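Please keep the structure in view while reading.

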Amino acid sequence: MDFLLVQALNGLASASSLFLVASGLSLIFGVTRIVNFAHGAFYMLGAYGAYSLYRLLLPLLGTGWGFWLALPLTALAVAAVAALVEILILRRLYDAPELLQLLATFGLTLITEDLVLMVWGAEDLLGPRAPGLKGAVSILGQKFPLYDLALLAVGPVVWLALRWWLTRTRWGLLVRAATQDRAMVAALGVNQAWLFTGVFALGVFLAALGGAIQLPRDAIHHGMGLQVIVAVFVVVVIGGLGSISGALLASVLIAELNAFGILLFPRITLVLMFLVMAAVLIVRPSGLLGKPQAPAQAVSPSRPWQPWQPPVRWLLLAAVGLAASAPLWLGDYRLSVASEILIFMLFAASLHLMMGVGGLISFGHAAFFGLGAYGAALSVHWLQAPMGLALLNGPLLAIAGAILLGGFCLRLSGVYLAMLTLAFAQIVWSVLFQGGEWSGGDNGLLGIWPQAWAASPAAFYGLTLAVVVLAILLIRRLSLSPFGYAVRGCRDNPLRAEAIGLPRGPLHWACMVFAGAFAGLAGALYAFLKGSVFPDSVAIPLSVDGLVMVMLGGVQSLTGPVLGALVYKGLSMSLISAVEYWRLILGGLIVVLATALPQGLSGVIDLVRRAPPTGPSTEEPRP
Amino acid sequence: MLTWVTETRTTTRVAVQGAIRRTLLAAAVTLSALWGTPQAGAAEPIRIGEVNSYSRLPAFTEPYRKGLLLAQEQINANGGVLGRPLEVITRDDGGKPGDAITAANELLSRDQVSLLMGTFFSHVGLAVADFAQQKKVLFLAAEPLTDALIWSQGNDYTFRLRPSVSMQAKMLAEQAAKLPAKRWATVAPNYEYGTSAVAAFKDALTALRPDIEWVGEQWPAQGNIDAAATVQALALVKPEALFNVTFGPDLTKFVREGSVRGLFDDLPVVSLLTGEPEYLDPLGAETPEGWIVTGYPWSQITTPEHQAFLQAYQAKYNDYPRVGSVVGYSAMMSAAAIIKKAGSTDTAALIAAAKGIDVATPFGPITFRAADHQSTLGAFVGKTAQKDGAGVMVDFSYRNGADYLPPPEQAAALRPR
């Protein structure tokens, strides 16, 4: 009994830290709709910053004041940096397609990781113990750290402060109004720009504070940011986007389930959080305390697509011809790189089918890619299937996954749907990761090499090119078929689409299955390109890569993901081999591209194609 | 040119590509010769391709690279190998097996390296080992610790330098058996390294002490330990001793929570890798005392080979070596010794040479066993202590890896036919 109480308190202390970071993210998303991928990076900056500031203040103020001042001061400093980021970068992107901020903040995360390495070095740092709270108290005969006791209080205090601020101040009133209806707030003459800057800075302040208060408990290290970001997203979604109380409830739920879960099933640590999220979303599609939102749109309704006109056709044919001649003028290594880029073009195009055509955002698209890779690898490893059959089995397994996931997604939309796909991917990942012998666990499956006829880099490239070009043509055909029109109709105007009898759910389901099949095909090819598969191919970084490719290229047309994959994969592969601080450069380029070309790379092509010869701008005046 | 034209008419498309490539290559070589770049021949370096998780694990890989480059400098100062200088080309794999394959591929087909080496994570090591077998090139795995690399997934082309998980677990089990404790608990990260370390330790300890009881286990997520809950859960089963496999930030958190909550009072702890400077140094003034660990007490090893290495390292970098430095240095020295013995950079000759080769390392002479391609590099086993607010190892001694490996015939039977 004593034990259970103390374990419950442990859970609450963890919940408190989690809530601090999560409430910031929830505020930011609620008001600005920014999916702030850099939230973890700011959290990490808070920890590193507090460490350095503490050491700076130590000779001036001594341990006590030095420590307790360093925490809030660092959080303020990081918040100031965040405000600058919002003004210089994110503010330019509010008119851009939703999720473009995800791309920009992803770039920022890459930059921060390398900057931290340059400034603070590679080794883990050990923060000081909290002065005055170093020891433990005895609670029912169990020792409980004083600092954790203090943390217990932080969560509720921050929650109360936020509640007061949201309900009792004018600024809070505006924030709540903007969370409900941004357009209306703008129409009433509120200066949105400063409201957003303020909320973004406040959210980041909470994240940085959350990082800084880890000083006495955690080691300060490079993985901190990425480690916290996923957990925090999960908390925010379980609680309901934009709901501070929901975030608190979800933090407690997750932390307590974890504290007690490991007593019964010590192995559950990897997947518990995602199981909870999946369960909550299936029962409550808007999170525990969230309100249903206007469906977030990945794409603003755009000019309908047209079949390619002759000049474009010839151009594309020439491009494919050029690609087909690559074995004549590229070496073995470059051919393998080209094969990999082609595979990721298909992966990005399949994600685009879901996001761009269907308007269904996915944060877990790697699930289908990985299922495809494992489908191929398992059939080679256990059934000695020939390559052709394995390439078929990959997509089949992915289709099975998509059918399963799609069934659960029917009631969901927007970021909630995206997070359910993430949960699905993580559950698949942990099954493969802990699968033991049949899946090879985290040591993967080896020896998945192409058969002799496709073994040379040139032959494999030829095969990949043929498959990818056909698949992408098929995706385009699908998008322009009646099915594609119906799916896009549901995307652009769900109400009207439903009114004319389009079955939204089944259409979305089918769209997801098609997208899954193509991603699975890409995964199967990838398995043979690399000769082995690992749970990495289902993991979050790959899903993020897919999103980055689509957003970088532009979500408006199929040209986008293809271009995006070419540029992103090409850049990252050449940078990683050429320079040490490749994340810094890659991140910088992504931020610049996102800011300069909010419609993506393919947006440039559209601009060129549509540009009036001369004369005044044809753009409609903006309010 | 004439021959080229006739060739295109008569041979298959593949031959055409080859011919074009050869022609272009010949043209490039001629051009570069005209431009006055160094003539191919005596001075042409022997290139070694190295892949590692530089951006993902800088705390280990930076000292590792320093060790690597120090060895390269020393080898070349002594006239190189086979009369040619040695050049190591390093590539980042970002901690992903797929990217490691890309990097290995680039090193092999563009940089024309003679052999591959490196890698940190077990799964990345396995991916590159499989690639090496496919491409028929020698791979000297420096760091990956999984047993699979040389046993269940072993192949002809792959050799491994560091003592494996099971070797280090056995070294610790030997000490653990001397403790009176009968009720043991374990805590390990939830992935293959953790599970195989716990399994190997349990096997080894149970063999020595059949009376031991395993009363609890915790498997925190790697890099994301919920330290408070884990410590509490371990305390619940009232163990008499604990085997720990967590490392890095997880270890720091675990130690901090455990110390404050009094978990480690009167609880002997046996801990894998914790004595390595990479993991011990960040613990600083909070280093727990008296843990039985494997590690590298760099400042206290007095053997002449280590003294020479230490002085050279400190002179070059003005920093002290970590385990990574020793691994990098020894890996490079091994590669050089293999090429020297082979007398050429032909893969078959390299493999033949690597089997049973003796190499001098800062830890003393080691042998790459012919039976399972594992080197006999060992590790230091000792206890942790605090000295001037920093963690150190005391009462340590070097354990030769050879004593913790199964006999050659038995090891060879573990490998696929």
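The model is predicted. At the interface, 71 residues of chain A are in contact with 68 residues of chain B. The size of an interface is often given as the accessible area lost when the parts come together. For chain B and chain A that buried area is about 5,900 Å², with 52% of it on carbon and sulfur atoms.

Polar interactions also cross this interface. There are 32 residue pairs in polar contact between chain B and chain A, counting pairs with both residues at pLDDT 80 or more. Seven salt bridges are found between chain B and chain A. One of them joins Arg322(B) to Glu123(A), whose closest N and O atoms are 2.8 Å apart. On the side of chain B that touches chain A, helix α4 (residues 97–109) of chain B gives the most, with eight residues. The residues on that side of chain B comprise 21 nonpolar, 24 polar and 23 charged.

Now to the helix pair. Two packed helices are described by the angle between their axes and the distance between the axes. In chain A, helix α21 (residues 540–553) packs on helix α22 (residues 559–578) at an angle of about 115 degrees, and their axes are 7 Å apart. The crossing of α21(A) and α22(A) is right-handed. The residues of α21(A) in this contact include Val548(A), Met549(A) and Leu552(A), while those of α22(A) include Pro561(A), Ala565(A) and Tyr568(A). By class, the contact of α21(A) with α22(A) has eight nonpolar, three polar and two charged residues.

How values were computed: Residues numbered from 1 in each chain as written. Chains lettered and ligands numbered in written order. Predicted model: local features only at pLDDT ≥ 70, side-chain atom pairs only at ≥ 80, totals over all residues. Heavy atoms only, no water. Contact = heavy atoms within 4.5 Å. Buried area = accessible area lost by both parts, 1.4 Å probe. Salt bridge = Lys/Arg side-chain N within 4 Å of Asp/Glu carboxyl O. Polar contact = N/O pair within 3.5 Å; in protein donor to acceptor, adjacent residues only side chain to side chain. Helix = DSSP H or I, 4+ residues; strand = E, 2+ residues; numbered from the N terminus. Nonpolar A, V, L, I, M, F, W, Y, C, P; charged D, E, K, R; others polar. Axes fitted to C-alpha atoms, helices over the stretch in contact; angles between N-to-C directions. Left-handed = near helix turned anticlockwise from the far one by under 90°.
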